[in-house]
Amino acid sequence: MKLLEQLCRIHAPSGNEKNLSEFLLNYIEQHKVQWKVQPTVISGEGFQDCILLIFGEPRTAIFAHMDSIGFTVRYGTQLVKIGGPSIMSGYKLVGEDSKGKIECTLESNEEEGDLHYDFHREIERGTELVFKCDFRETEETVQSCYMDNRLGVWSALKVAETLENGIIAFSCWEEHGGGSVAYLAKYIYENYGVKQAIVSDITWVTEGVQPGDGVVISMRDSLIPRRSYVQKIISIAKESGVAYQLEVEGAGGSDAKELQHSAYPWDWCFIGAPEDNVHTPDEIVHKKDIESMVALYEVLMQKL
């Protein structure tokens, strides 16, 4: 879990994924020689901070967003949200401006709905603040801020170790409306003819989805994927013997939104481990669900 902890500690809120993108590029360069197939790495001009890994003759693409929720300093001590972070007075926030490193406290006025920070000096406006990382691991669980979606990124990197044919896309902005998957999907479809996707992201523990019972295959959230594609995935999962759960929700979304709204005929399915304490500094995931997430992705990338 050392790599996962490193990922969770990197400052990369929506719109400022540069640090994580550079970390991933360095990690890939150092480790790809040990992978079964060494991918073509596509990044830089025309891709902003996104990264594409092309393995062999791809049929399916994995999409994993790099960005996290957080806060932007407005005027004075005011904060505005990046994405949808949980709000509770006392949360520790960290960041950095031209005057140095910052560790401050979130303050929320429930009556007025205002968000502020408490710090010994004024923080420069436009500075991003994220939850302070307190990474905890037990025999059964891993707990930290930003399991969503650093765990999705981690899982994709694990799948990369044995992947022979496929694409892994590391995207940006997912937590704050999206914006990068549209051009990634266009590039992938036009250059490789790939039109089926798996979204490597983290979902919720609910009354119907329990920790430790396996990776979650989402049948729908606020969007509805094509039923025949989802059924194909469920059939492969059944045959594989990998523990999985089925999810049906009416809310929530992912990088799939831009695939669904694309001008290209993309099929997609959200598949990920469930977490509790969503969008807080204390997101927690069961290790059995992490194991089954990687295992199912490995099977699906072979069978789809």
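Student: What is the strand order in the open sheet of 8 strands?
Tutor: This is a predicted model. In it, the order runs β1-β2-β12-β3-β13-β17-β15-β16, and the pairing is mixed.

Student: Which are the edge strands?
Tutor: β1 (40–42) and β16 (244–248). Each of them pairs on one side only.

Student: By how many degrees are neighbouring strands turned against each other?
Tutor: On average 25 degrees, with direction ignored.

Student: In what sense do β1 and β2 pair?
Tutor: Antiparallel, over 3 bridges, with β2 covering residues 51–55. Within that pairing, I42 stands opposite L52.

Student: Which strands does helix α2 lie across?
Tutor: β1, β2 and β12 (166–171). Helix α2 spans residues 18–31 and runs at about 25 degrees to β2.

Student: And α7, which strands is that one touching?
Tutor: Helix α7 (residues 287–303) packs on the sheet and touches β3, β12, β13, β15, β16 and β17. Its direction makes about 170 degrees with that of β13 (196–200).

Student: New topic. How many aromatic pairs does the structure hold?
Tutor: There are 8. One of them joins F63 and W266. The ring centres are 5.8 Å apart and the planes sit at 75 degrees, over the 60 that counts as edge-to-face, so the pair gets that label.

Student: Where do F63 and W266 lie?
Tutor: F63 is in strand β3 (residues 61–65), while W266 is in the loop between α6 (256–260) and β17 (267–272). The pair therefore ties together parts 203 residues apart in sequence.

Student: Are those two buried or exposed?
Tutor: Both F63 and W266 are buried.

Student: What about F71 and F131?
Tutor: Also an aromatic pair, edge-to-face, at 6.1 Å centre to centre and 75 degrees between the planes. F71 lies in strand β4 (residues 70–73) and F131 in strand β9 (residues 128–131), so parts 60 residues apart in sequence are tied together. Both residues are buried.

Student: Which aromatic cluster includes them?
Tutor: One formed by F71, Y91, F131 and Y146.

Student: Switching to β8. Which residues are on its covered face?
Tutor: L115 and Y117. The uncovered face of β8 (residues 114–118) has D114, H116 and D118.

Student: How many bridges pair β7 with β8?
Tutor: 5, in the antiparallel sense, with β7 spanning residues 100–109. E107 stands opposite H116 there.

Student: Which residue in that hairpin takes a positive phi?
Tutor: G113, near 75 degrees. The hairpin has 4 residues between the strands.

Note on methods. Residues numbered from 1 in each chain as written. Predicted model: local features only at pLDDT ≥ 70, side-chain atom pairs only at ≥ 80, totals over all residues. Heavy atoms only, no water. Phe/Tyr/Trp six-rings, centres within 6.5 Å; stacked < 30°, edge-to-face > 60°. Helix = DSSP H or I, 4+ residues; strand = E, 2+ residues; numbered from the N terminus. Buried < 20%, exposed > 50% of the residue type's maximum accessible area, 1.4 Å probe, protein only. Pairing = 2+ DSSP bridges. Axes fitted to C-alpha atoms, helices over the stretch in contact; angles between N-to-C directions. Contact = heavy atoms within 4.5 Å.
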